[in-house]
Structure formats: C-alpha cells, structure tokens
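Here are my notes on this one, written for someone new to reading structures. Keep the 3D view open as you go through the points.

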Amino acid sequence: MTGDYRLARTIEPGWLVRLAAGDTPAGGGWMPVLARIDTVNHLGRQRVWFLGEDRAASAYADDLVFSRTPDEAAIAHHP
C-alpha cells in the first residue's frame with residue numbers, strides 16, 4: 001500500500017489520510033484533507049483536525065497517521 005506513517009502535524013491539505021474501519025459508516029478508507037485546523041487543549045496538548053468533504057478526523061500532533069502525499073496518491077492509482 002502506498003503511503004507512510006507520519007506525524008499528524010506534518011500532514012497538509014491536499015494529502016489523504018487513512019481512516020480506521022470503525023471511524024465511518026462506510027468502513028474507513030481514504031479521506032482527502034481539504035482543510036486543517038490546529039487546536040491546543042487546556043493541558044497544552046496540540047490536536048490536529050483534518051476536514052474532508054463530508055467527514056472529519058483528528059489526532060494529537062505527535063501521533064502517527066497513515067497518509068499519502070498527492071504524489072503517492074497518483075502512484076497508487078497509476079502504478
């Protein structure tokens with residue numbers, strides 16, 4: 001599978017993030033990141049929110065998230 005585990009803080013709009021099977025009614029899959037919001041909670045922990053067209057996902061900034069860059073996504077669709 002094309003992609004890699006990366007820190008959530010490094011993922012940018014235009015990339016794709018892999019959602020876990022239990023995270024969506026459709027059973028997971030790839031979500032294109034249309035926008036990203038960084039927040040900090042009352043304990044000072046940074047959380048990154050990834051916004052898609054009809055769903056969203058979040059992770060702490062230092063969590064590893066399986067993701068694809070636009071180049072990796074193109075390779076995955078046209079090997």
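**Notes on the fold**

1. The protein chain has 1 helix and 7 strands. Helices here are DSSP runs of H or I with at least four residues, strands are runs of E with at least two, and both are numbered from the N terminus. Going along the sequence, the pattern reads β-β-β-β-β-β-β-α.

2. A word on where this comes from: it's a predicted model, so local features need pLDDT of at least 70 and side-chain atom pairs count only at pLDDT 80 or more, while totals for chains, interfaces and linings use all residues. Residues are numbered from 1 along each chain as its sequence is written, and side-chain values use heavy atoms, with hydrogens and water left out.

3. Now find the open sheet: 3 strands, in the order β4-β5-β6, with antiparallel pairing. (Two strands pair if DSSP finds at least two bridges between them.) β4 (35-40) and β6 (56-60) are at the edges with a single partner strand each, so one side of each has no neighbour in the sheet. On average, neighbouring strands of this sheet are turned by 20° against each other, direction ignored; the axes behind that angle are lines fitted to C-alpha atoms, and angles in general run from 0 to 180 degrees between N-to-C directions.

4. Look at β5 (residues 46-51) next: β5 pairs with β6 in the antiparallel sense over 5 bridges. A hairpin of 4 residues joins the two strands. Across the pair, V48 stands opposite A59 in β6.

5. β6 has two faces: A57 and A59 are on the covered one, and A56, S58 and Y60 are on the uncovered one.

6. What about the inside? Buried residues (under 20% relative accessible area, with a 1.4 Å probe and protein chains only) make up 33% of the 79 residues in the protein chain.

7. Finally, zoom in on F50. Leaving out residues up to four places away in sequence, F50 touches A8, I11, V17, M31, V33, A35, R55, A56 and A57, where contact means heavy atoms within 4.5 Å.

Key:
Buried < 20%, exposed > 50% of the residue type's maximum accessible area, 1.4 Å probe, protein only.
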